[in-house]
Amino acid sequence: MSDHEDKHEESLLEKISEKNKGHDSSSSSSDSDDDKPSESSIKAKVFRLFGRERPVHDVFGGGKQADIFLWRNKKISAGALGVATVIWVLFELLEYHLLTLVCHLLILALAFLFLWSNAATFIHKSPPRIPEVQIPKDPVFEFAQALRFEINRGFAVLRDIASGRDLKKFLSVIAGLWVLSIVGSWCNFLTLFYIVFVVLHTVPVLYEKYEDKVDPLAEKAWHEIKKQHAVFDAKVLSKIPKRPLKEKKKD
């Protein structure tokens, strides 16, 4: 009897232990399930520069232009940067002029093709095949429409600022134009364009490579800027009387 009771007690203990293990595994799985949304929420709350939620490649619009800026195709990116560098050296350092350069290139090309076409009969070789070049109509219209849209949007923003509705936007635009005027006094338009071109070919690819290190530093800087802006808003902007909105005329 005692052996039977001992076996019965052992079986009961085994069942209880198995239930506890099942409960622990279910609780651990539920805890892991509870942790999953928290981890995803933590990832969702990670600060990204300029508030972006997409990869850098998508921010640049994807496609070929993003591939060039992010050096997906190193030959094309290096070629574009090299051509821009050559143009900047010719016009800025060597003080070459655009019209002079175009005329000299045309003189060399026409002279080479003319001599080759006439010499082909003497050396018994086929003359050069000069392709017929035409500017396509659709890309020109698309570019013109896009340029027209951006110019109209810029005029709308300037009109909205000049109407006196948004003081913060007015001050930010004035500060941006003032900084741009200072940079323009340091260098001419070609040098400024070349600097922007080089920055677009270097900063995005470096940021994409080290974004996990740059974003925390940008977050600290952004919080400090917001803190200083809140102080400036409380001491200066909030004390400026706002222009009352005009009431709509009743018909």
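Biologist: Hi! What should I know before I start clicking around?

Modeller: Residues are numbered from 1 along each chain as its sequence is written. The model is predicted, so local features need pLDDT of at least 70 and side-chain atom pairs count only at pLDDT 80 or more, while totals for chains, interfaces and linings use all residues, and side-chain values use heavy atoms, with hydrogens and water left out.

Biologist: Fine. What is the mean pLDDT of the protein?

Modeller: The mean is 76, and 74% of the residues reach 70 or more. pLDDT is the predictor's confidence in each residue, from 0 to 100.

Biologist: And where does pLDDT stay under 50?

Modeller: Residues 1-5 are one such stretch, and they have zero contacts beyond four places in sequence; a contact means heavy atoms within 4.5 Å. Where pLDDT is low, the predicted coordinates should not be read in detail.

Biologist: Let's move to H4. Which residues are buried there?

Modeller: Ser 77, Leu 81, Ala 84 and Phe 91. Buried means under 20% relative accessible area, exposed over 50% and partly exposed in between, using a 1.4 Å probe and protein chains only. Seen down the axis of H4, the buried residues fall within an arc of 105°, so they line one face of the helix. That arc is taken from the directions from the helix axis to the C-beta atoms.

Biologist: What covers them?

Modeller: The cover includes helix H3 (63-69), H5 and helix H8 (189-209). Helices here are DSSP runs of H or I with at least four residues, numbered from the N terminus. On the other side of H4, Lys 74, Lys 75 and Leu 93 are exposed.

Biologist: Tell me about Ser 77. What does it touch?

Modeller: Leaving out residues up to four places away in sequence, Ser 77 touches Asp 67, Ile 68, Trp 71 and His 201. Its relative accessibility is 0%.

Biologist: How far apart are the end C-alpha atoms of H4?

Modeller: They are 27 Å apart, which agrees with the 28 Å that its 20 residues should span at 1.5 Å a residue. The expected span is 1.5 Å times one less than the number of residues. After H4 comes Glu 95, with a positive phi near 55°.

Biologist: New topic: how many salt bridges does the structure hold?

Modeller: Four, each being a side-chain nitrogen of Lys or Arg within 4 Å of a carboxyl oxygen of Asp or Glu. One of them joins Glu 208 and Arg 72, whose closest N and O atoms are 2.9 Å apart. Glu 208 lies in helix H8 and Arg 72 in the loop between H3 and H4, so the pair ties together parts that are 136 residues apart in sequence.

Biologist: And what about Arg 153?

Modeller: Arg 153 meets Glu 150 in a salt bridge, 2.7 Å from N to O. The two are three residues apart in helix H6 (residues 137-162), about one helical turn.

Biologist: Last one: how many aromatic pairs?

Modeller: Four, counting rings of Phe, Tyr and Trp (its six-membered ring) with centres within 6.5 Å; planes under 30 degrees apart are stacked, over 60 edge-to-face and the rest tilted. Phe 112 and Trp 116 have ring centres 5.7 Å apart and planes at 55°, so that pair is tilted. Both lie in helix H5 (residues 98-119). Phe 189, Phe 193 and Phe 197 form one aromatic cluster.
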